[in-house]
Amino acid sequence: MAQQITEQPYKNWRLERDDHDIAWLYADKAEASANVLSADVLEELYEILSQLQRDRPQGLIILSAKRSGFILGADINEFTTLGGQADAEALIGRGQAVLDRLEALDMPTVALIQGFALGGGMELALACRYRIADEDSAKLGLPEVKLGIHPGFGGTVRLPPLIGAPAAMDMMLTGRMISSRAAAKMGLVDYAVPERRLKDAAKHLVLQSPVPKKAKGWQAWVNHDLLRPLMAMYLRKQVSGKARKDHYPAPYAMIDLWAEHMSDPRRMMREEAASVARLVIGDTAQNLVRVFFLQERMKALGNKRDLDVKHVHVIGGGVMGGDIAAWCALRGLTVTIQDRNHETLARVMKRAHSLYKKKLKLPRLVMGVMDRLIPDIHGHGVAKADVVIEAIFENIEAKQGLYKEVEPRMKPGAILATNTSSIPLEVLREVLAQPTRLVGLHFFNPVAKMQLVEIVRNDDTDAEVVKQAMAFCRHIDRLPLPVKSAPGFLVNRVLMPYLLEAVHLVEEGVPAWAVDKAALDFGMPMGPIELADTVGLDICQSVATILSQQLNVEVPQRLKQMVDSGKLGRKSGQGFYSYADGKKVKQEIDKEYVPPRDITDRMMFRFLNEAMACLREGIVEEADLLDGGVIFGTGFAPFRGGPMHYIQERGRDDLRRTLENLEHNHGGRFKPDRGWYDGND
Amino acid sequence: MAATRSKQRPVFVVDGARTPFLKAGGKPNAFRASDLAVAAGRQLLLRHAIDPSVFDEVILGCVMPGPDEANIGRVVALRLGCGKGVPAWTVQRNCASGMQALDNAFRNIADGRSELVLAGGVESMSHAPVLLNEDMVGWLADWSRCKTFGQKAKAVGQLRGGHFKPIIGLLRGLTDPVVGLSMGQTAEILAQRFGIDREMMDAYAMQSHKRLAKAQDEGYLSEIEAIYDTRGTVYDQDNGLRRDTDMASLAKLKPVFDRHFGLVTAGNSAQVTDGAAMLILASEEAVQKHNLPVLGRILDSQWAGLEPSQMGLGPVHAMTPLLDRLSWKLDKVDYWEINEAFATQVLACVEAWKDQDYCSNELGLKKVMGEIDPATLNVDGGGVSIGHPVGASGARIVLHLLHVLKRTNGKRGVASLCIGGGQGGAMAVERE
């Protein structure tokens, strides 16, 4: 293939013409490792398309020159500097115009997709006449909804007619990633082909120019005027089960847009731009964008190059230990999981297998990961591991005894980590020959879902080890957050007062469902009472007791009574709620019931107050990291941007006064932390 | 011949591990053959400070790999993380495939072609293929050419019950295609030839179970590593053991090979099982270089052929020249493992060496070989109680023999198997 006729040079694109007179346009954003559609990239594309319109090649094939994939989407940085609705609408309108020009080219156009084609990148591909995907690497999606907006470069207009409304709406409402094979099956791409045939396939489409794909049958009919209102009702109902309109307006806006305008694509384009503009300048989107950048920031805390890790040894096959082991194997490491009990190891293998089946689907891939996850009753793996993680039950003597036995057998330079949630490192490490090597890797349950790992360290913990622990988190695709070794670290510490306040409310006679509803209305992912049941009331009690020794926390009597009578929550079938087969039994809700006016404040202000205390005490280094940790560790309402951000937005002094009122009404547990009065910046 | 052998390099067994042997009871067990070999192999590798990529080769014995396990040796090597650069192959000598793998590893190391080899045997008899018969295959070929509804309807009309009769791979595999006898029938021939009656073979079978029970209770089977399926079940012992076996219950079983009037029953035959055994073999240099322990040494091996209808006597044909070459008298051997394909076949081997007629006419000896002390033969049970996953047993008996020598401070041992098709294999081991 001869593709050497280089035409005029662009900064972010490379245009070549082959001997079939086909134009090959490589996306290659200057000084970046990945392609995004920033304003300058779009401007150049517009120029190039105008030129192609004049030059009239046989066809146009758009592909990426980056190893990182096709195009990741719009430049999210631009979202943070928007002036207002008009400014936003202008920016989006410009993007739409560029893709309209691409769509209007009167020659076959092909998007050749390797790696990620997301958001604006996917929308660019949709504006082409054909799409080809690498069957191994391509991942396609319109994840805008996760940032509180919806597609804005014509995606909502072009996708439903291409793959039908049900599939299109599902893809945009969930923001989920679609594999190449699934994309071919649903008509999102014309072909999924192996890498070695990608260019042949693209050329074939240009030269043969077949009739472009379109949704057929009932998939297409649902786009019809008569059926859309019905389908929209159904979709709104589906969405309302996942996200509330006042918290997350984007999915509702997307459904409205489609229901009202699908029959008029020109108009729909304009409405799409207006709708995205409205959303993007709103609080939800701005906070979700903030969370996105917090996540990027936490990722950057760990550098994979600081640690060479192939083998992880996990000791303790309980739910946490087993799930940590299973996760590490899924991320490509060789893992030995040690436990004294064969049945425990068997349960680990079973849970791991069902996780892998869900995540990997193909039996060949599942087998590959299962082969890397090695049950190790004798503990031989200690001597071979680069990282040893202890996750046995919370008992000082047991852990110390284990360390004494394990430390001398470890490879020199290997990391020794504990998953303890309540025992201070300074106590555990007393028995070590090198005490400063012990670091905490505190995972959260369920490990496969919760991205945060608290990196627990003392002032004198070996700095190199802390760096390596953070690097380890990146190897297993988790977010590291360095925290001080102090009771509860960050996440359990801010959660516990909030949880206990919820129990106080129940003690005072407020129904559990009303307590949970108040928290859900605030935007928490799960009510505190159900959360306590899920974690286990015995565990809550023990963590609360440990915290109460050092902090301003009292453990409600109710908790002790329930634990004493064997009501331990979900696992025992009875806690604050009843459970059958691990599922909550539906209970009667008294619609007339009016909860106390300050119910939400009582719970959330204890949360915020403890967050403030953690920041003042330096448990976490700064406010942004605290927000990130709390969001990824507790699920704290992401659309509110994190507790410290929330305090700042609402006005610190106003909130402090509310807290002082609560103290006046309910007592010392609401005493504002000193941090509320410190340096009014 | 003996002179050239002595020039060769010594070969050491570093260590070995096996899975529990699991009874095959109708439905396929949870593990395919490669799953079993990987389960045993990865535990073995975990014990030693060597990277799986340092092996010169991986050799695996297996009679009936699954349809996704062509060259199962390579499949297992890759799944164990040996990496693309370690060549791997599969050997098949029926019931001695596992010993064949060890023999190839032994010879390559002795010759200086290899330093460190992972070798063993595996069989998942519960996953033995069930095949379509040739009529059905022909019908399917026609069907795939049918285009119109009429053609298809006609083709369906041609289907007969006989088309659906499957071929049970396991039964075919256990039948000698040349002489047309099942393995059990060859055992009946030996019983008749040496006058071994039902009571003798049942008594031997009972002893096999009692010995295995004792070995389990005393913890003699430390080479076993537990295996875990994906449904939360753990297997940590051979599950074919029947602790309550007695003469009365054995006597109730009906003969299965010579129906009605035969003597060989399911109770006094090896159990159809799944299992794997893996060993690390090394040269002296490799032992030193990687600082490896030594379990024992393989001294020599021998293969022999005989009348297929009397395949059960294979061990005496292989062991006789082996002992001759080593100048070992019977009493010089501390322990013996003769694979229990059938109780009567092990008894026949013992009888043959005591039989003047057999020793002179069939083995070309001037005198009888003598008698193996029953207290030194299959001391911890055998195929009748443990099971006989055909490709794995050869590796199991060599590994276990070394463990017996270690436990008893014994020095010399001989392991041997009879082989369907009329062969025998034997291997001599020694501990310093």
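Colleague: How many residues does helix α2 (residues 85–104) of chain A have, and what does its reach come to against the expected span?

Modeller: Happy to start there, with the reminder that this is a predicted model. Helix α2 of chain A has 20 residues, and from first C-alpha to last it reaches 28 Å. The expected span is 1.5 Å times one less than the number of residues, and for this helix that expectation is 28 Å, so the reach is close to it.

Colleague: Which residues of α2(A) are called buried, and what makes them so?

Modeller: They are A88(A), E89(A), L91(A), I92(A), G95(A), Q96(A), V98(A), L99(A) and L102(A).

Colleague: Over in chain B, why is helix α13 (residues 343–354) described as mostly covered?

Modeller: Eleven of its twelve residues are buried, among them Q345(B), E351(B) and W353(B). As for its span, α13(B) reaches 17 Å, close to the 16 Å expected.

Colleague: What makes I61(A) stand out in the largest nonpolar core?

Modeller: This core has 362 residues, and I61(A) is one of the five that touch the most other members, along with V388(A), L102(B), L281(B) and V398(B). Helix α19 (residues 491–507) of chain A gives the most to the core, eleven residues. Leaving out residues up to four places away in sequence, I61(A) touches I22(A), W24(A), L25(A), V110(A), L112(A), A202(A) and V206(A). These count as contacts because the C-beta atoms of each pair lie within 7 Å.

Colleague: How do you know that domain 2 and domain 3 of chain A are in contact, and how many residues take part?

Modeller: The domain assignment gives domain 2 as 303–487 and domain 3 as 492–618 + 620–676. Their C-alpha centres lie 29 Å apart, and the contact takes eleven residues from domain 2 and 14 residues from domain 3. On the domain 2 side, strand β19 (residues 479–484) supplies the largest share, four residues. That side has seven nonpolar, three polar and one charged residues.

Colleague: And how many residues of chain B are in contact with chain A?

Modeller: There are 15 residues of chain B in contact with 18 residues of chain A. Helix α2 (residues 33–46) of chain B brings the largest share of the chain B side, three residues. By class, the chain B side has six nonpolar, four polar and five charged residues.

Colleague: What are the confidence scores?

Modeller: The model scores ipTM 0.92 and pTM 0.92. Chain B averages a pLDDT of 95, with 98% of the residues scoring at least 70.

Technical notes: Residues are numbered from 1 along each chain as its sequence is written. Chains are lettered from A and ligands numbered from 1 in the order in which they are written. This is a predicted model: local features need pLDDT of at least 70, side-chain atom pairs count only at pLDDT 80 or more; totals for chains, interfaces and linings use all residues. Two residues are in contact if their C-beta atoms, placed from the backbone, lie within 7 Å. Helices (H or I, at least four residues) and strands (E, at least two) are DSSP runs, numbered from the N terminus. Ala, Val, Leu, Ile, Met, Phe, Trp, Tyr, Cys and Pro count as nonpolar, Asp, Glu, Lys and Arg as charged, and the others, Gly among them, as polar. A residue is buried if 20 or more other C-beta atoms lie within 10 Å of its own, exposed if 12 or fewer, and partly exposed in between; C-beta atoms are placed from the backbone. pLDDT is the predictor's confidence in each residue, from 0 to 100. A nonpolar core is a set of buried Ala, Val, Leu, Ile, Met, Phe, Trp, Tyr and Cys residues joined through C-beta atoms within 7 Å. Domain bounds come from an automatic or database domain assignment.
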